[in-house]
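Please examine the sequence and the structure before working through the solutions.

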Amino acid sequence: MTMTIDIILLLSLLSLGICGLVVFVVYYFRSFQEAGQSYDYSCPLTAMWAGLVIFWYSADFIVWWLFSRYLKRSLDRNAATGAWIVFSALFVMEGFVSVVALALAQNEGPAAGWTSLWLACGVIGILLCRVMLHRVKSGFAGEQEQQIACDENSCSGEEVEQELETHAKDDTCYPNSGSSQRHDCSRVQRRCSCCCTATFWVDMMSLFLMALLICFTSAYMVQSVRSAANARSYSPPGKIYTVEIREGLKVRMHLYCYGGNTTKDSAVATVIFEHGGGSNHASLLALADQVESSFGSRVCLYDRLGYGFTPTLYTSVGDQRLPNGGIILFKLLDEAGEKRPFVCAGHSAGAEQCLWLAHESTGSESPESRVVGVALMDGYPDLISPGSIRPAQPQTSAILDATRQFAFWVGATGLLYGVVGNPGPDFVPESSRPVMVALYGQVRFWLSQYWDVRSSFDLPEDEQLHNQLNAYQDGDGLFHYGGTLSGVKILVLPAYDTVTTLDCSMEKNQNEYCCIPENVSNQWCVDNAADKRLYLSQAQLYASTLSNDTEGTLMIAPEGSKHDFVYHRDNFEWVSREIGDQLLSRDHGKNATA
């Protein structure tokens, strides 16, 4: 009867393990291989991890169970079984909390359903452990624990003789034992101990893997609870719009517009703010507030697909890839009824999106949908692309692989929550810091990063931005544009730290790493200085070659400013003034609407 219960429970756990493996494989391919999939407020990585955990637990437990019968002493088996009961109870508890959290979160039904199977796995594991303890207690397991002709204190000479004759030729632990005719019990005892060593280590390894799994499931549980809590704590400002970005494909996107004179004859253009790669609208909120209050312009912030409060994550590649960012943004603005001259201010990777927006507007005959100004805020389109480690260097698959690994291990487990995306103590506005961290901590954040890089790799050469803008690349890797952005005023705002090489003759810099004499020729220092010169040269080319009929402006941010200067308390007001003075003057606005 006991054996029948064993078999039923083991087969049930095996079936769950196979189910978990299938779930893992299916959602892994949905996450990283399939294209043309749309997810709203959800991410396939969550369900993928639920399946992986089911398979991990089931496989680890079954291997331990099969080997546990060979443990030398009942004490060893009792200790291991007790540890498994504790781990399984924790596993059930974490599964229950995760299921409740995922059920409360938005649109994570599949992940909640698969995570509920953790409870079944854990309960079966506990039942099997109880059966094991019952066997040991009742003596049923004694048949499996017989010593090979000896116990700890004595042994029969006749049994020793029989054991030595049987194993003299194939003794894997002590290959020379057959050559000796000494019938001492200690040799047989050593053989018993050696033969049990492999089982002992399998037992320990299974417990270690289970402890590691509990660490991941704990992180998964905390991430699930955070997701549910954040979904209820932070609501998006503005509205969520449904946008048909191409025939048959509708996505939902977050857009927040406010302030300014909404009449069409306003002399001041609406400023669209584009966040950096992997970031969200909250990073530019203080800057937008400052521009709106100082210059009376209407401002709009939004989150690109897969980021921030935008519900839709879309995996795209090949023929199913999305239109460029300019087309998507124009359709979003049109859906929201924002029809007036635009200025686009893009930070980091957002600078490229602004150039796409300006490019798409050049064919427009209506001044109400024209882009009249672009601010590139420490962004270097074409010079450095997703997958490039250094400027003017080709993309490398290592970055794509690394992004996939981060998405796999960090996405659903939230292991870097609060580390990645923490804007630092000088972030403004202070009230938006928790929102910034929460939006960075979403499971889909890492998958969105992966697909951004993947899409860049798969974009045909003739559809890349520099070719659309009639640019050519010189021998140094710098891009010279064809002045195709007619009527668009270009403002380039690089961070001081990005484009300024260290002057080691200055006393304040003498303790810097690359100014220490033994480090001057260090390859990293040499490359860093070369990169800064490339960034500065490219910034100059943006200002002089993107538009052939409007003079561009290059203004380096104040000394000491770094890449985060657009939301740094010491610099965001300076950025606002430059955008207002250079791109929002009333004369410029009147010319644009004339």
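## Exercise 1: Disulfides

The model is predicted, and with sulfur atoms within 2.5 Å taken as bonded, the count comes to 4 disulfides.

**Task.** Determine the handedness of the disulfide between Cys257 and Cys300, and state where the two residues lie.

**Solution.** 
1. The sulfur atoms of Cys257 and Cys300 are 2.0 Å apart, and the two residues form a disulfide.
2. The torsion about their S-S bond is about 115 degrees, so the disulfide is right-handed.
3. Cys257 belongs to strand S3 (residues 249-258) and Cys300 to strand S5; the pair links distant parts of the chain, 43 residues apart.
4. Cys257 is buried at a relative accessible area of 18%, since the limit for buried is under 20%. Cys300 is also buried, with a relative accessibility of 0%.

**Task.** Which handedness does the disulfide of Cys504 and Cys515 have, and is Cys504 buried, partly exposed or exposed?

**Solution.** 
1. Cys504 is joined to Cys515 by a disulfide with an S to S distance of 2.1 Å.
2. A torsion of about -80 degrees about the S-S bond makes this disulfide left-handed.
3. Both Cys504 and Cys515 lie in the loop between helix H15 (496-499) and helix H16 (523-545), 11 residues apart.
4. Cys504 has a relative accessible area of 34% and is partly exposed, whereas Cys515 is buried at 9%.

**Task.** Which parts of the chain are tied together by Cys514 and Cys525?

**Solution.** 
1. The sulfur atoms of Cys514 and Cys525 are 2.0 Å apart, and the residues form a disulfide.
2. Its S-S torsion is about -85 degrees, so the disulfide is left-handed.
3. Cys514 is located in the loop between H15 and H16, while Cys525 is in helix H16, so the pair ties together parts that are 11 residues apart in sequence.
4. Cys514 and Cys525 are both buried.

**Solution.** 
1. Cys121 is buried, with a relative accessible area of 0%.

## Exercise 2: Aromatic pairs

**Task.** How many aromatic pairs does the model contain, and which geometry does the pair of Tyr307 and Phe445 adopt?

**Solution.** 
1. With ring centres required to lie within 6.5 Å, the count comes to 30 aromatic pairs.
2. In the pair of Tyr307 and Phe445, the ring centres are 6.3 Å apart and the planes stand at 75 degrees, so the arrangement is edge-to-face.
3. Tyr307 is in the loop between strand S5 (299-303) and strand S6 (312-315), and Phe445 is in helix H13 (residues 443-458), so the pair ties together parts 138 residues apart in sequence.
4. Tyr307 is buried, at a relative accessible area of 2%, and Phe445 is buried at 3%.

**Task.** Describe the pair formed by Tyr450 and Trp451, then identify the cluster to which these residues belong.

**Solution.** 
1. Tyr450 and Trp451 form an edge-to-face pair, with 5.5 Å between centres and 80 degrees between planes.
2. Tyr450 is buried at 1% relative accessibility, and Trp451 is buried at 3%.
3. Ring pairs link Tyr450 and Trp451 into a cluster that also includes Phe24, Tyr28, Phe29, Phe32, Trp49, Trp56, Phe216, Phe408 and Trp409.

**Task.** Which arginine lies over the face of Tyr27, and which over that of Tyr417?

**Solution.** 
1. Arg30 lies over the face of Tyr27, 5.1 Å from the ring centre.
2. Arg226 lies over the face of Tyr417, 3.8 Å from the ring centre.

## Exercise 3: Nonpolar cores

**Task.** Which residues have the most contacts inside the largest nonpolar core, and which helix gives the most to this core?

**Solution.** 
1. In soluble globular proteins, nonpolar side chains tend to be buried together.
2. The largest nonpolar core has 94 residues, and Phe273, Met377 and Ile579 have the most contacts inside it.
3. Helix H2 (residues 44-68) gives the most to this core, contributing 14 residues.
4. Leaving aside residues up to four places away in sequence, Ile579 touches Phe273, Leu287, Ala345, Ala375, Met377, Leu491 and Leu584.
5. A second, separate core has 49 residues, among them Tyr241, Leu329, Phe330 and Leu357.

How values were computed:
Residues numbered from 1 in each chain as written. Predicted model: local features only at pLDDT ≥ 70, side-chain atom pairs only at ≥ 80, totals over all residues. Heavy atoms only, no water. Phe/Tyr/Trp six-rings, centres within 6.5 Å; stacked < 30°, edge-to-face > 60°. Helix = DSSP H or I, 4+ residues; strand = E, 2+ residues; numbered from the N terminus. Buried < 20%, exposed > 50% of the residue type's maximum accessible area, 1.4 Å probe, protein only. Lys NZ or Arg CZ within 6 Å of the ring centre and 35° of its normal. Core = buried A, V, L, I, M, F, W, Y, C linked by side-chain atoms within 4.5 Å. Contact = heavy atoms within 4.5 Å.
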